[in-house]
Amino acid sequence: MIFYNVTIKILSDAANDWEKWMKTSHIPDVLATGFFKWARFSRLLSLDTEDGITYSIQYSCNSMKELHNYQAKFSQKLQQEHSEKFKDKFVAFRSVMEEIALIEP
């Protein structure tokens, strides 16, 4: 399993609108591409929120090939929509992880 993680820090005054838009529009649009099995939308609790709120969106897919296909076909357009809607109100970085094991009690 491959996890595509997007970490975003959004200004506090834009956070409510951004969170709503992410849940109702952006994340569903990413999932609708068909390359991801699910998404997990989280807020980081351990960071200072004075200059913004930090979130993580984790998307799962079966292979790097699927992720590369998503990136080649859809990511630029979806990232552009995000940037236009929340211009100058966020910073973002992306990372890719591979699951080694799921260990449960």
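The protein chain contains 2 helices and 4 strands, where helices (H or I, at least four residues) and strands (E, at least two) are DSSP runs numbered from the N terminus. Along the sequence these elements follow the pattern β-α-β-β-α-β. The radius of gyration of the protein chain, taken over C-alpha atoms, is 14 Å, close to the 13 Å that the globule rule gives for 105 residues, so the chain is as compact as a globular protein of that length; the rule itself is 2.2 Å times the number of residues to the power 0.38. The structure is a predicted model, in which local features need pLDDT of at least 70 and side-chain atom pairs count only at pLDDT 80 or more, whereas totals for chains, interfaces and linings use all residues. Residues are numbered from 1 along each chain as its sequence is written, and side-chain values use heavy atoms, with hydrogens and water left out.

The C-alpha trace of the protein chain spans about 35 × 35 × 20 Å along its principal axes. Buried residues account for 34% of the 105 residues, with buried meaning under 20% relative accessible area, exposed over 50% and partly exposed in between (1.4 Å probe, protein chains only). Among contacts between residues at least 6 apart in sequence, 77% join residues at least 24 apart, a contact being defined by heavy atoms within 4.5 Å.

The largest pocket has a volume of about 160 Å³. Of the 15 residues that line this pocket, Val6, Ile8, His26, Gln79 and Arg94 are the closest to its centre. Two or more lining residues are given by each of strand 1 (2–10), helix 1 (12–31), strand 3 (53–61), helix 2 (64–85) and strand 4 (90–98), and the largest share, 5 residues, comes from helix 2. The lining divides into 10 nonpolar, 4 polar and 1 charged residues, where Ala, Val, Leu, Ile, Met, Phe, Trp, Tyr, Cys and Pro count as nonpolar, Asp, Glu, Lys and Arg as charged, and the others, Gly among them, as polar. On a 1 Å grid over the protein atoms alone, a pocket is an open set of points with protein on both sides within 12 Å along at least five of seven lines, and lining residues have an atom within 4 Å of a point; grid points are joined across faces, edges and corners, and the volume is the space filled by probe spheres set on the points.

A search of the whole structure finds 11 aromatic pairs, for which rings of Phe, Tyr and Trp (its six-membered ring) must have centres within 6.5 Å. One aromatic cluster is formed by Tyr4, Phe36, Tyr59 and Tyr70. Leu78 lies in helix 2 and is buried, with a relative accessible area of 6%. The C-alpha atoms of Leu78 and Leu31, 47 residues apart along the chain, are separated by 11 Å.

Val91, in strand 4, counts as exposed at 55% relative accessibility. Leaving aside neighbours within four places in sequence, Val91 is in contact with Thr7, Ile8 and Lys9. The C-alpha atoms of Val91 and Ser12, 79 residues apart along the chain, are separated by 13 Å. In the loop between helix 2 and strand 4 lies Asp88, which counts as exposed at 68% relative accessibility. Phi of Asp88 is near 65°, a positive value in a residue other than glycine. Most residues other than glycine have a negative phi.

Terms used: Rings of Phe, Tyr and Trp (its six-membered ring) pair if their centres lie within 6.5 Å; planes under 30 degrees apart count as stacked, over 60 as edge-to-face and the rest as tilted. On a 1 Å grid over the protein atoms alone, a cavity is a set of points where a 1.4 Å probe fits but cannot get out, and a pocket is an open set with protein on both sides within 12 Å along at least five of seven lines; lining residues have an atom within 4 Å of a point.
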